[in-house]
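Here is a short report on one model.

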Amino acid sequence: MALTLYVDTARWRAHQQSVLQQFPGLVPVCKGNGYGFGHERLADEATRLGADILAVGTTYEAARIKDFFSGDLLVLTPFRHGEEPVPLPDRAIRSVSSVEGVGGLVGARVVIEVMSSMKRHGVAPEDLPKLAAAIEDVRLEGFAIHLPLDRTDGSDAVEEVIGWMDRLRAARLPLHTMFVSHLKANELARLQQQFPQTRFRARIGTRLWLGDHEATEYRGSVLDVTRVAKGDRFGYRQQKAASDGYLVVVAGGTSHGVGLEAPKALHGVMPRAKGVARAGLATVNRNLAPYVWAGKQRWFAEPPHMQVSILFVPADAPAPQVGEELVAHLRHTTTQYDRLVDR
């Protein structure tokens with residue numbers, strides 16, 4: 001009895017191929033929990049795609065993935081002086097976001113990140129003159145720019161990249177390769193046409209692995225079903241059942257990421273109103289579970305346990321049977337499955 005990730009493998013890989021066709025030379029990204037699939041599986045898929053570089057989040061991830069992927073490993077987290085040294089092969093490429101960082105990686109393969117409108121990290125325009133001397137001591141693989149997902153000010157992502165290309169060219173820095181993130185296919189094509197001597201390589205994770213929502217599905221096995229009457233006490237906190245129904249114990253708890261949610265940026269009146277409503281229900285212990293039964297998303301009977309969740313199904317709905325599986329709407333990047341099944 002498990003929380004299972006089912007993958008329509010043919011459809012999933014067809015989507016990967018469609019993204020590859022739109023973004024020739026793309027760099028697959030495998031970071032965090034491997035977008036829900038795991039590092040080993042995505043390393044294998046990247047190999048199937050013919051990728052020569054796999055981008056990972058940290059040096060620790062690179063150390064784990066190096067045995068599963070034989071190509072270059074691009075570490076996205078920038079190097080910092082004083083960081084814990086992690087043994088990595090020469091095929092590892094470090095990201096750097098400062099002139100000082102470049103100076104700390106003498107002899108290493110590096111990609112230099114420039115400061116975008118994200119304002120997260122990167123070399124500032126005023127520091128470019130200092131880079132010309134600094135890069136002589138490293139093996140420069142290219143520059144990189146990480147762009148925002150939304151551009152609420154109406155600005156143009158391509159124009160932002162062009163601005164940096166012009167600055168780098170004015171500083172007489174090599175422009176053979178530019179790694180980019182969060183560009184559309186037509187935007188990448190515009191850049192490639194304008195700068196034919198530069199190879200633009202899109203670093204893509206979410207769109208590549210999770211772009212076809214119908215290719216994957218989480219399901220949790222029903223472990224137990226217990227009938228309760230209104231007023232019956234149950235659970236760790238011995239709260240009372242609000243009405244007649246069933247307590248359904250289903251595979252998937254906090255250790256799987258069930259019940260865990262990242263903060264969301266809400267835009268517009270309706271999403272904010274729904275957020276307020278959810279918060280209000282939570283204050284009276286009404287929390288919607290990700291599991292679906294009989295066409296409806298069900299409520300947690302109490303907060304999820306470590307490996308299982310207990311749902312409340314009212315008496316007017318059919319009772320699920322032990323061994324049946326309930327579809328679960330879970331976020332891939334925060335979910336850890338018990339098993340993955342290709343079908």
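The report takes the domains and then the helix contact.

This is a predicted model: local features need pLDDT of at least 70, side-chain atom pairs count only at pLDDT 80 or more, and totals for chains, interfaces and linings use all residues. Residues are numbered from 1 along each chain as its sequence is written, and side-chain values use heavy atoms, leaving out hydrogens and water.

**Domains**

The domain assignment, automatic or from a database, gives domain 1 (8-210) and domain 2 (216-342). Their centres, taken over C-alpha atoms, are 38 Å apart. Seven residues of domain 1 contact nine residues of domain 2; contact means heavy atoms within 4.5 Å. The two domains bury about 790 Å² between them, 51% of it on carbon and sulfur atoms. In domain 1, N33, G36 and F37 lose the most area to domain 2, together 47% of what that side buries. Buried area is the accessible area (1.4 Å probe) that two parts lose on being put together, summed over both.

Helices (H or I, at least four residues) are DSSP runs, numbered from the N terminus.

| Helix | Residues | Contact residues |
|---|---|---|
| α6 | 157-170 | A157, V158, E159, V161, I162 |
| α7 | 185-194 | E187, R190, L191, Q194 |

The contact residues of α6 with α7 divide into five nonpolar, one polar and three charged. The axes of α6 and α7 come within 10 Å and cross at roughly 30°. Axes are lines fitted to C-alpha atoms over the stretch in contact, with angles from 0 to 180 degrees between N-to-C directions. The helices are therefore roughly parallel to each other, a term for angles under 35 degrees.

Note on methods:
Helix = DSSP H or I, 4+ residues; strand = E, 2+ residues; numbered from the N terminus. Parallel < 35°, antiparallel > 145°, perpendicular 65-115°, else oblique. Nonpolar A, V, L, I, M, F, W, Y, C, P; charged D, E, K, R; others polar.
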